[in-house]
Amino acid sequence: MKIFKITFLFLIIAMQSAVGQESRYLVYDWNTTPAPWPLSKEDKANKEVSVLTHRIVQLEYDANDGKLYEYYLYHGRTYVNDKAGIAENNTVYISLDDVYEVVKAKARVILPNGKVIVQNMENLKKGYSQEMEADYNYFAFDGMEPGSEIELLYVVKKSPDLYGIIYTIQGENIKYNESLEIISPANLVIESKSYNGLPDMVTDTTLSPLNYLKVSIDTLRGMQPESYAYLDKNLGKIAYKLDKNTYSNLRNVVDYGKIARYTHENTYPEFSRNDLKAIKKIYDLAGLDEKKPADENIRLLENYLKKNFHFQKNYPDDLSNPKNILENKAYTELGALRIYTAICKNIGIKTQLVFTCDRTKNAFDKNFAIYNYLEKELLYFPEINLFLDPISLDSRLGLINPEYTHTDGMFVSSVSMGGFVTGIATFENIPAKLAKDNKTEMDIEVDFSTGLTSPKVHYVIKKYGTTMSSAQAFYDRISPERLPEIKKSFLELDDNFEVKNILVSNTNPEDIGQKPIVIEGDVTSQSFVQLAGNKALFRIGQLIGPQSELYSESKKERVQSVENLVRRAYDRSITFEVPEGYKLSNPEDLKMEIKYMNEEGKIQMCFISDYEQTGKIITVIIDEQYNQMELPANRFDEFSKVINAASDFNKIVLIFEKA
Amino acid sequence: MKKYITLVLCLSIGMCNFSFAQQIAGQFDEYSKKYPNEDVVGLQKITEVTLEIDDNKVVIEKNEKEDNYFLTQHAGNYSQTSLEFESYFSEITDLKAYTLVPNGNRFDKIKVKEISSRKVLSNDIFYDGTHAKEFTFPALQKGAKTHLEYSRILKEPRFFGRFFFSNYYPVEHQKLVLQVEDGIQIDFSYFNCSETDFDFKTYNKGKNTFYVWEKHNIPKLYFEENGPDFLSLAPHIICRVLDYKTKDGETIDVSRNLADLYKWYSTHIDAVVADSLPVMPQVVDSIRKYSQTDREVVRGIYKWVQNHISYIAIENGLGGFVPRAPTLVCKRRYGDCKDMASLLVQMLRQAGITANYTFIGTQDIPYSFEEVPMIFSVNHMIAAWKENGKYMFLDPTAKNVPFGIPSSFVQGKTALIYLGPDEFETVKVPILPASSNKSSTVSTFQFENGKIKGTLNHVSTGYFSEKFRGRTAQLNEANRQEMYEAWFGMGNKTFSINMESVKVEPADVSHFSCDFELENYVVTNGDELYINMILKKSWNGSIIPETRKQSFIYQLYYSIENENILQIPEGYTLTYLPENTELSHPEFSFSIKYKKLPGSKISCTYFLETSSLELEPDTFDEWNDFARKLKTASSQSLVLKKNKKP
């Protein structure tokens, strides 16, 4: 949520820094005579182990200019076991984003025999990373050997970020000696919060009158990535922010209520005449009409803007003002919000601003206000109960990207108070779509009249909702040469199938959330029917394509709870006529049922397959559903049974026997 | 009278404007129709190059002019522009850029305000001299045009000149003009195109010769998966300065032939050879001491460099061509290819073995030294050691490649071997035959209680072994089992390894063995069992679609042999065994063979081999036939039937 940056002018008050105390980041140092860190045999089996990470964040007023700066100290020590570990740790990059000065930087290699190679920091190079959009200082460690440790300590002076910082402390592998200290001037009170099982930071009075928070963890076990779980979200982390400035008696510096007011003021300003003209022009260009229903108008506007305007993050001109937006055909997030809300206001559609974060990275916390939880802006239309993402091209009214659903958000609505209008914050859930909204319907007909071992298979697949929204958004950008390959991939079949002809429809961006993408085609395969003596093996399961499976993970102890990106359902039917002269000997193998119900008797998740026979015609019906967004880790076993059932169906072989 | 004139003028301007507005809209529609899938089309690209002799040097200045037209709202994605240059050898000057924004009946010109120039980080190279001029085209939107022009001064004539007539978007018109002062000899060659593809003319004017190439309607480059890359597809012209005459009448050779190229490269080596100090004497001595033969010494020292020096690419100015002193490389424990090659050569020399610096271009460079005796043909350095009259190529940057074989990406390329200041040799690097780049697995198993239980023994050689070693090194305690199961998995994903039984030996020839179990694989129906004996379909024979136009790049020859041996369960009889199948083509072959073994065992051997670096489109039909046969054959099952109780 960079769009509503507020300058805390009150911070720039020249103030006496605490008397007589040397700053922590200057006092702190590494061990002058380091010994190799004792590690267990298990640890040494990994290519690298982090044996120490110490971070100090110290906020200080500068005696000369009176401004507040952050001094950030990083001290890390890593054991590298082998050449793979060396290759990954040989080079070091220090971000200079928002950095005024590198106060100090030193590094050394500790060899297994205890010998220390101090690095020559004159080798420090500087360059700009176009990918990260920041400058970096970087160097390569001299003299690393398998079994050595590398150690790095640096301090940078940078502009303070007080609206919220999240340090992810936990990693995939075990870490030793993780610690964090935050020191601030007497008047600035920092508040921190620990997540996912990390201990809270505690107040230490030894630096009094300075505020001093610290935490240290001797051993922090690693958390490995697991399927159907979001590791980034679940790792142990610590967030902090500025909470109070006691000199100016300012409390709750970062507060959702305040943010709601600022953002409201910013989004619904008094526009200039030129701006109002630009807004009217966009209204006309988009073909809006007050007489049309609200959702139709919003769709017209959204389709027009997303087709003709461009979201621009970094730009020299102010693209939040409607006049500039129209001239440049480009907007920032704030600009987009202003256009939508202003036009909606003109035609009497109520809007609420919604702020949330990507739930696969962080869990929105309404009790700890920081900007990190407000990184994504959405619009909510209370009268039609639909959400809109003004920026993302693969979403449309009513179908926003799922990482921003099934999470809480801050809703900002307008209220009139004594003649002027302001924004107030409430916290509500942004619901995930139902399984039926993300459904895949698949009708498969197998025709053996072309030959028992070379049947023709006809597919009609309809995919609703999120699954194919990016395909609908960008289908017209696919080059004609690449198109056949892309279309084939929509069938999601394995390599054994050859596509004969394929037709894809509802491929316009306007169809997102409105019409399912429809894939219709014929395929053949040389390998899914085999003759064995007087029998024929029909690998019917392969027709539903390879399925995800959790066999190897279900052997391990599950750590994280199960979290789905979306609720979803698959309705499949396979129809075939038993070939002339044969009978089907094992139709019962088609019957499968794995089903879990909630207390109200509704299906939480299931994989059910059954068949009907009418004469020689067999119809297989498969019902697969995932209605539950989350499940506790102890129910992973049940979840994987359903997932694996689909994969087991994929292995079903029917046997035709000569009648 | 005056009034009347003004009126006429107004009218005509008005009409002009009206028709111009229509023109703007008309042009936009025309291009949108012509290029329906494109965000951008190049209207024109003009490159004018002058080659002059100044102060007894060749001075090369290149002027570029480029106009692009943006057809969709995605235009904004292209607004950030970055022009890169290697600061040591070139610079960019006189940069001008603006956007033309459609505004009803006219285009408004908006100039680029700020241009920054900075050192940029490269993704592949740790440190180099790449700088970039960066700027943002303002108001870039649907219907807008951009104009860009700049000059590039090239300080080293050896790096001149490569001109691409192709881009990632279509270009309506492109023109290249070379203006060459008398006394400078140039030559040019065509790649992925020929002179007849251009309107070409040459003429003399004053003391210059002009060469002009022009082309219209240039389609955008299209890449296919596993297909040739940019250099092998993009039409381009390479112009090189052969020699030039100075004011004093002296002829200076530049890039006439390979000898000239060699001379330039070798001067950088000569200096390193001249002042190399001994490095790691204890290591060299101890390897020497414990080795019986020269081969063992070479192996020992090669492995030491592979294991102890990590590869970090550093290409700053001439540093991109001059190896650093072996003592420095050794102290740092890192270096780029030439640093590592140089250290290897030096350590071998200390051990009394002569190895040679070797310049080479990797497989992605499509030129031969004869065609292009220029730096464009070289991007790598390795070492060569002659054993019994035959060169062995040693690449210390390939950390896991087995001793004795070249790194995979130089196979089939010509090596330029340094023999001394004026003496060199060119030798073709052999392609590792499929039989030496092999993955073999023998699995023996039985079927009991609904499960397959067995033991597998895997051996890999060549680049299979290299890959295995590389992957093994990345494992940790948490993912080891999962990864082994993914690499060696057979049948289906229920494949599970008993970790206590695992034996792993990553080496030049790598070994792996384990006990395993597999569920839900055997199909049972009444008293019959159906078992597909190709448990691992190592390669699934992709059918090449009819629409494919470009060749399919393999990069290496390889072979796979998997033998699966089934113990027939007690009380069962084999009632159906699939037929043996084989297909052999000069570039690819497979066989699936079944055999009854004593002790109620059945063996099935699956063998696959390809001996082609690149599959040409005219073999696609044969390939598809091969792939279909392989699929059919590998999907067959044998049938076992329960014996009737007497």
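1. Chain A of this predicted model holds 13 helices and 35 strands. Its C-alpha atoms fill a box of roughly 100 × 75 × 50 Å along the principal axes.

2. Chain A has 659 residues, of which 42% count as buried. Taking the contacts in chain A between residues at least 6 apart in sequence, 72% join residues at least 24 apart.

3. One sheet can be followed strand by strand. It is an open sheet of five strands in chain A, ordered β19-β18-β17-β20-β21, and the pairing is antiparallel. At its edges are β19 (386-388) and β21 (420-430) of chain A, each of which pairs on one side only. Neighbouring strands of the sheet are turned by 30 degrees against each other on average, with direction ignored. As a general point, strands of a sheet pair through backbone hydrogen bonds, either parallel or antiparallel.

4. Within that sheet, strand β20 of chain A covers residues 407-417 and pairs with β21(A) in the antiparallel sense over 11 bridges.

5. Which residues make up the side of chain A that touches chain B? In the contact between the chains, 65 residues of chain A meet 57 residues of chain B. Strand β6 (residues 125-129) of chain A gives the largest share of the chain A side, with five residues. By residue class, the chain A side divides into 24 polar, 22 charged and 19 nonpolar residues.

Conventions: Residues are numbered from 1 along each chain as its sequence is written. Chains are lettered from A and ligands numbered from 1 in the order in which they are written. This is a predicted model: local features need pLDDT of at least 70, side-chain atom pairs count only at pLDDT 80 or more; totals for chains, interfaces and linings use all residues. Two strands pair if DSSP finds at least two bridges between them. Helices (H or I, at least four residues) and strands (E, at least two) are DSSP runs, numbered from the N terminus. Axes are lines fitted to C-alpha atoms, for helices over the stretch in contact, and angles run from 0 to 180 degrees between N-to-C directions. A residue is buried if 20 or more other C-beta atoms lie within 10 Å of its own, exposed if 12 or fewer, and partly exposed in between; C-beta atoms are placed from the backbone. Two residues are in contact if their C-beta atoms, placed from the backbone, lie within 7 Å. Ala, Val, Leu, Ile, Met, Phe, Trp, Tyr, Cys and Pro count as nonpolar, Asp, Glu, Lys and Arg as charged, and the others, Gly among them, as polar.
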